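Please look over the model shown below, then follow the text from one element to the next.

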Amino acid sequence: MNPRRLTPSMSLLLAFEASARHLSFTRAATELALTQSAVSRQVQALEDLLEVPLFRREKRRILLTEAGRGYQKELAAALQRIRSASLQAISHRSGRGAFHLAALPTFTAKWLMPRLNRFYEQHPGILVHLHSRVTRFDLELAGIDAVIAVGDGDWPGLVPHRLLDEQVIPVMSPEMAASHPARKPADLAQHMLLQVAARPAVWQRWFEAHGLPVRSMRWGAQFELTTHLIQAVASGIGIGLLPTFLVQDELKQGVLVPALDETFSTGAGYFFLASPDKLATPALAAFRDWLLAESGGVSA
C-alpha cells in the first residue's frame with residue numbers, strides 16, 4: 001500500500017479533526033483561520049486519499065460516517081500526544097512546561113488540591129492539567145503523562161513511586177454509633193458494609209485479618225467514587241472502611257466517628273506512576289520530586 005495514503009499531511013488531518021469536532025466546516029474554518037471552502041477541499045482530499053467517506057453531507061449540515069467516527073477518535077488521541085510531545089520538547093529548553101496528570105478524584109480533592117499551590121509557588125512556570133480516573137486505562141491513548149493510583153504499584157511500562165501507605169479505619173455516622181454501637185470487630189457484621197466498587201476485597205481482607213467469617217458480612221451498596229461513599233456513611237446508610245487521611249476532616253468535624261478505634265493496613269499504597277521517558281522531562285521530574293517530599297514517599 002502507498003505509504004502516502006497511510007500518512008496524510010497534517011493540514012488535511014487538522015481540517016478533518018476540527019470539522020469532526022464541530023460538525024461544521026464553517027466553525028472549523030474559523031478555528032483554523034481558513035476559508036470554509038478551503039477546509040471543505042482539504043477534507044475531500046483526505047477522503048479521496050483514504051478512499052473512504054468520512055462525512056455524510058445532508059443539505060446544510062455534515063455528519064460523521066461510522067468510519068469517520070472511528071477515525072476521529074484515534075486521530076484526536078494522536079494529536080493530543082503530538083501536542084504533549086511538543087510541550088515536553090519545549091520544556092527541555094526552557095525549564096518550564098505542562099503535563100497531564102490523572103488521579104483518583106477523592107485523593108485529588110482531599111490530599112492533592114490542598115497542597116498543590118505549594119508546588120506552583122516553587123515552580124511557577126509549570127502547569128499541571130488534572131484529570132479524574134478511578135480504573136486502569138491506557139495512558140498513551142488517553143493523552144495522559146502520569147497517574148496517581150492506589151494498589152500495588154504494578155503497572156506495566158510505568159515506573160512506580162510510593163507516596164503513601166494505605167491505612168483504613170471503619171467509620172459510621174454519630175447517630176448510628178449512638179443507636180447501634182460497635183464494641184468489637186464481630187459487631188460490624190450486624191451493619192450494612194458499604195464499599196468502593198473498584199476495591200471490593202478490602203472489607204473481606206479486614207474480616208479475615210480479624211478472624212471473622214466472610215460469609216457473615218452484610219454487603220451494602222457500592223459506589224464508584226470514595227466521596228459518595230463518605231457521604232453515604234455520613235447519612236447513616238451503613239459503615240465504610242476508608243483511608244484515614246481521606247476522612248480526617250469528617251472525623252475532626254464530628255460528621256463521622258470511628259466504628260472501632262483501630263486502623264488496618266491493607267498493604268496497598270498510593271503511587272505516582274509514569275513511563276521512563278516522561279520522567280526524563282524537567283516538568284514531570286520536578287512534580288515527582290515535590291510529591292515525594294510532600295508525602296514522605298519513596299522514589300523507585
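Is Pro-282 buried, partly exposed or exposed? With a relative accessibility of 29%, Pro-282 counts as partly exposed; buried means under 20% relative accessible area, exposed over 50%, and partly exposed in between, for a 1.4 Å probe and protein chains only. Pro-282 lies in helix α13, residues 282-295. Helices (H or I, at least four residues) and strands (E, at least two) are DSSP runs, numbered from the N terminus. Between the C-alpha atoms of Pro-282 and Glu-47 there are 40 Å in space, and the two are 235 residues apart in sequence.

The model is predicted: local features need pLDDT of at least 70, side-chain atom pairs count only at pLDDT 80 or more, and totals for chains, interfaces and linings use all residues. Residues are numbered from 1 along each chain as its sequence is written, and side-chain values use heavy atoms, with hydrogens and water left out.

Helix α10 spans residues 226-234, and Thr-226, Leu-229, Ile-230, Ala-232 and Val-233 are buried in it. Seen down the axis of α10, these buried residues fall within an arc of 160°, so they line one face of the helix; the arc is that of the directions from the helix axis to the C-beta atoms. An α-helix has 3.6 residues a turn, so residues three or four places apart point the same way. The cover over the buried residues of α10 includes helices α6 (105-122) and α11 (248-253), together with strands β6 (159-172), β7 (192-196), β8 (218-223) and β9 (239-243). Just after α10, Gly-236 has a positive phi of about 90°.

Glu-250 is buried, at a relative accessible area of 12%, while Lys-110 is partly exposed at 24%.

The whole structure holds 13 salt bridges. One of them pairs Arg-199 with Glu-166, at 2.5 Å from N to O. This pair links distant parts of the chain, 33 residues apart: Arg-199 is in the loop between β7 and α9 (201-209), and Glu-166 is in strand β6. Arg-199 is partly exposed, with a relative accessible area of 23%, whereas Glu-166 is buried at 3% relative accessibility. Another salt bridge joins Asp-187 and Lys-184, at 3.0 Å from N to O. Here Asp-187 is buried, with a relative accessible area of 10%, and Lys-184 is partly exposed at 46%.

Glu-17, Arg-21 and Glu-31 are linked in a network of salt bridges. Arg-21 and Glu-31 also take part in the contact between helices α2 and α3. Two packed helices are described by the angle between their axes and the distance between the axes. For α2 (residues 10-22) and α3 (residues 25-32), the angle is about 125° and the axes are 8 Å apart. Axes are lines fitted to C-alpha atoms, for helices over the stretch in contact, and angles run from 0 to 180 degrees between N-to-C directions. Residues in contact (heavy atoms within 4.5 Å) include Leu-14 and Ala-18 of α2 and Phe-25 and Ala-28 of α3.

Terms used:
Salt bridge = Lys/Arg side-chain N within 4 Å of Asp/Glu carboxyl O.
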